[in-house]
Amino acid sequence: MQTTKLYVEYIIIGLETLTWLGLLILLILGTPAIAIFDYCIQNLLTSIFMLGACYVLGLLVDRVADQLTKKTKEKIKGDYPIEANTSITVFYKVKQGSFAAVSLSRIRILRSTMLNFAITGFVGMLVAIVVYHNGLLCIMTLFGFEIMALIARWAHKSLLESYYSKTQQIEADINNEL
């Protein structure tokens with residue numbers, strides 16, 4: 001079951017990544033790329049292939065986002081020190097492993113969403129200017145996606161703090177019971 005959840009996470013992240021890659025293709029090929037996108041959407045075999053591509057893209061972007069947010073995670077983790085080797089073992093000791101798994105899933109998706117939205121804003125801005133020659137669309141796209149990226153960053157950081165704070169509290173409760 002956990003493997004299925006991870007697969008779905010990577011597909012979600014991959015779909016986000018596919019958005020800015022599609023915009024990049026549109027930027028390079030121009031409006032004829034829309035016919036290619038239309039064909040891909042209407043063709044079942046291509047859609048199945050794209051699902052697999054989304055998984056791979058999601059996996060790659062997750063690794064990149066993990067590396068980019070590593071310092072933030074380590075700093076927050078350092079603010080809430082625990083004795084256990086891994087945080088999830090603390091949750092399993094009190095039979096809250098599903099809470100930990102859901103929290104970690106949300107953290108993974110948010111860190112990748114932060115990266116994908118930042119890139120989508122930039123690429124979308126370029127498409128609005130180069131392909132559609134629309135300055136207002138350019139500004140709205142850039143600011144809209146960059147604001148969403150900042151919100152995702154805030155939510156990611158907030159979830160990390162909440163997760164490690166709860167881990168520390170649970171471990172302290174376990175140690176007090178012994």
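This is a predicted model: local features need pLDDT of at least 70, side-chain atom pairs count only at pLDDT 80 or more; totals for chains, interfaces and linings use all residues.
Local features are given where pLDDT is at least 70 and side-chain atom pairs only at pLDDT 80 or more, while totals for chains, interfaces and linings use all residues. Residues are numbered from 1 along each chain as its sequence is written, and side-chain values use heavy atoms, with hydrogens and water left out.

**Stop 1: the largest pocket**

Select Leu18, Leu21, Gly22, Ile25, Ile36, Phe37, Cys40, Ile41, Ser47 and Met50, which line the largest pocket. A pocket here is an open set of points on a 1 Å grid over the protein atoms alone, where a 1.4 Å probe fits and protein lies on both sides within 12 Å along at least five of seven lines; lining residues have an atom within 4 Å of a point. Its space comes to about 310 Å³, a volume being the space filled by probe spheres set on the points, which are joined across faces, edges and corners. Helices α1 (2–29), α2 (33–42) and α3 (44–68) each give two or more residues to this lining; helices are DSSP runs (H or I, at least four residues) numbered from the N terminus. Colour the lining by class and eight residues are nonpolar, two polar and none charged. Ala, Val, Leu, Ile, Met, Phe, Trp, Tyr, Cys and Pro count as nonpolar, Asp, Glu, Lys and Arg as charged, and the others, Gly among them, as polar.

**Stop 2: the second largest pocket**

Next select Lys73, Ser87, Leu104, Tyr163 and Tyr164, the closest to the centre of the second largest pocket among the 15 residues that line it. This pocket holds about 240 Å³ of space. At least two lining residues come from each of α3, α4 (70–79), α5 (87–93), α6 (97–130) and α7 (135–177), and α6 has the largest share, with four. The lining has six nonpolar, three polar and six charged residues.

**Stop 3: aromatic rings**

The structure holds four aromatic pairs, a pair being rings of Phe, Tyr or Trp (its six-membered ring) with centres within 6.5 Å; planes under 30 degrees apart count as stacked, over 60 as edge-to-face and the rest as tilted. Keep Tyr163 and Tyr164 selected: their ring centres are 5.1 Å apart and their planes at 80 degrees, so the pair is edge-to-face. Both tyrosines are buried (under 20% relative accessible area, with exposed over 50% and partly exposed in between; 1.4 Å probe, protein chains only). Then show Tyr7, Tyr10 and Tyr55, which ring pairs link into a cluster.

**Stop 4: salt bridges**

There are six salt bridges, each a side-chain nitrogen of Lys or Arg within 4 Å of a carboxyl oxygen of Asp or Glu. Select Asp66, which is buried at 14% relative accessibility. Asp66 bridges to Arg63, with the closest N and O atoms 3.1 Å apart; both lie in α3, three residues apart, about one turn of the helix. Arg63 is partly exposed, at 41%. Asp66 also meets Arg111 in a salt bridge (3.2 Å, N to O). Arg111 is in α6 and Asp66 in α3, so this pair ties together parts 45 residues apart in sequence. Arg111 is buried, at 7%.

Move to Asp79 and Lys75, whose side chains form a salt bridge at 3.2 Å, N to O. Both are in α4, four residues apart, about one turn of the helix. Asp79 is partly exposed, at 46%, and Lys75 is exposed, at 56%. Finally, select Asp62, Arg63, Asp66 and Arg111 together: salt bridges that share partners join them into one network.
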